Amino acid sequence: MVFYFKARPEAGDYTIFMGLDKFENEELIKYGFPEDIWFHVDKMSSAHVYLRMRKGQTIDDISEGVLEDCVQLVKANSIQGNKVNNIDVVYTPWQNLKKTPAMDVGQVGFHNNKAVRTVRVEKRINEVVNRLNRTKVERKPDLKAERESVNAAERAERKLQLRDKKRREEMERLEKEKQAEVRSYKNLMVADKMTSNKEIASTQKTLQELEEDFM
């Protein structure tokens with residue numbers, strides 16, 4: 001089971017989601033999207049909360065309002081973290097999550113610790129948590145199929161882009177050849193019409209020769 005929430009409307013159409021338990025977390029870790037941002041209460045047990053960004057966006061594009069929604073949701077879904085104030089929430093791109101065979105189910109590490117950010121959450125804001133819970137939807141998605149569908153669409157898009165690139169390159173090549181032929185033809189025409197000063201001088205009579213013709 002995966003729980004889906006909608007971030008505050010004024011921030012745009014952003015979906016926040018989390019798994020029911022550690023087994024769902026394992027699936028979310030395995031079949032995440034490049035646009036996903038992962039959230040967790042630091043040094044405490046909590047839900048693995050994800051924010052799905054728009055394609056092309058990065059962690060730097062998260063607005064303050066959406067960030068608050070995510071950290072409040074992850075705090076509210078931590079048994080220990082929900083009871084105390086001034087906790088830290090860590091977040092990082094899904095692609096930075098590291099999973100090794102030796103790790104327990106639902107456990108993760110990081111490929112690059114420098115890509116992990118921390119935000120201090122002073123206290124629970126019930127208004128935010130209640131608003132998010134009102135948008136809550138439960139689904140049993142086929143995460144593997146969703147990921148494979150996205151992969152197939154991305155491959156098709158890359159294939160189309162490559163075909164378009166080759167077509168443009170071929171058109172540019174043909175245009176260059178055409179322009180080269182035009183320049184060559186113009187140069188040939190100019191060469192045929194040009195006559196050197198020496199050739200002109202050889203065909204013209206001198207003033208003295210003209211005078212002699214009239215004598």
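Biologist: Which residue of β8 does V90 stand opposite?
Modeller: This is a predicted model. β5 and strand β8 (residues 117–121) run antiparallel and are joined by 5 bridges. Within that pairing, the residue of β8 opposite V90 is T118.

Biologist: How many of the residues of strand β5 are buried?
Modeller: β5 covers residues 87–93 and is mostly covered. Buried here means a relative accessible area under 20%. Of the 7 residues in β5, the number buried is 5.

Biologist: What is the bridge partner of D36 in β4?
Modeller: Strand β4 (residues 49–52) pairs with β3 over 4 bridges, in the antiparallel sense. The partner of D36 in β4 is R52.

Biologist: Which are the edge strands of the sheet?
Modeller: The sheet is open and has 7 strands with antiparallel pairing, in the order β8-β5-β3-β4-β2-β1-β9. An edge strand here pairs on one side only.

Biologist: What does the twist average from one strand to the next?
Modeller: The sheet in question is the open one of 7 strands. From one strand to the next, its twist averages 25°.

Biologist: At about what angle to β3 does α2 run?
Modeller: Helix α2 lies across several strands, namely β1 (2–6), β2 (15–19), β3, β4, β5 and β8. Its angle to β3 is about 45°.

Biologist: Is L51 buried or exposed?
Modeller: L51 lies in strand β4. Leaving aside neighbours within four places in sequence, its contacts include I16, I37, F39, V66 and C70. The C-alpha atom of L51 is 9.0 Å from that of L67, which is 16 residues away along the chain. With a relative accessible area of 0%, L51 is buried.

Biologist: How do α2 and α3 sit relative to each other, roughly perpendicular or roughly parallel?
Modeller: Two packed helices are described by the angle between their axes and the distance between the axes. The axes of α2 (residues 64–76) and α3 (residues 126–134) come within 9 Å and cross at roughly 90°. Because angles of 65 to 115 degrees count as roughly perpendicular, α2 and α3 are roughly perpendicular.

Biologist: How do the residues of the contact of α2 with α3 divide into nonpolar, polar and charged?
Modeller: α2 contributes E68, D69, Q72, L73 and A76, and α3 contributes V128, V129, R131 and L132. The division is 5 nonpolar, 1 polar and 3 charged.

Biologist: With which side chain does the side chain of D69 make a polar contact?
Modeller: D69 is found in helix α2 and is buried, with a relative accessible area of 0%. Leaving aside neighbours within four places in sequence, D69 is in contact with A7, R8, I16, V128, R131 and L132. The polar contact of the D69 side chain, at 2.8 Å, is with the side chain of R8.

Biologist: Of the residues of the protein, what percentage count as buried?
Modeller: The protein has 6 helices and 9 strands. Of its 215 residues, the share that count as buried is 32%.

How values were computed:
Residues are numbered from 1 along each chain as its sequence is written. This is a predicted model: local features need pLDDT of at least 70, side-chain atom pairs count only at pLDDT 80 or more; totals for chains, interfaces and linings use all residues. Side-chain values use heavy atoms; hydrogens and water are left out. Axes are lines fitted to C-alpha atoms, for helices over the stretch in contact, and angles run from 0 to 180 degrees between N-to-C directions. Helices (H or I, at least four residues) and strands (E, at least two) are DSSP runs, numbered from the N terminus. Angles under 35 degrees count as roughly parallel, over 145 as roughly antiparallel, 65 to 115 as roughly perpendicular and the rest as oblique. Contact means heavy atoms within 4.5 Å. Ala, Val, Leu, Ile, Met, Phe, Trp, Tyr, Cys and Pro count as nonpolar, Asp, Glu, Lys and Arg as charged, and the others, Gly among them, as polar. Buried means under 20% relative accessible area, exposed over 50%, partly exposed in between (1.4 Å probe, protein chains only). Two strands pair if DSSP finds at least two bridges between them. A polar contact is a pair of N or O atoms within 3.5 Å; within protein, one must be able to donate a hydrogen and the other to accept it, and residues adjacent in sequence count only if both atoms are side-chain atoms.
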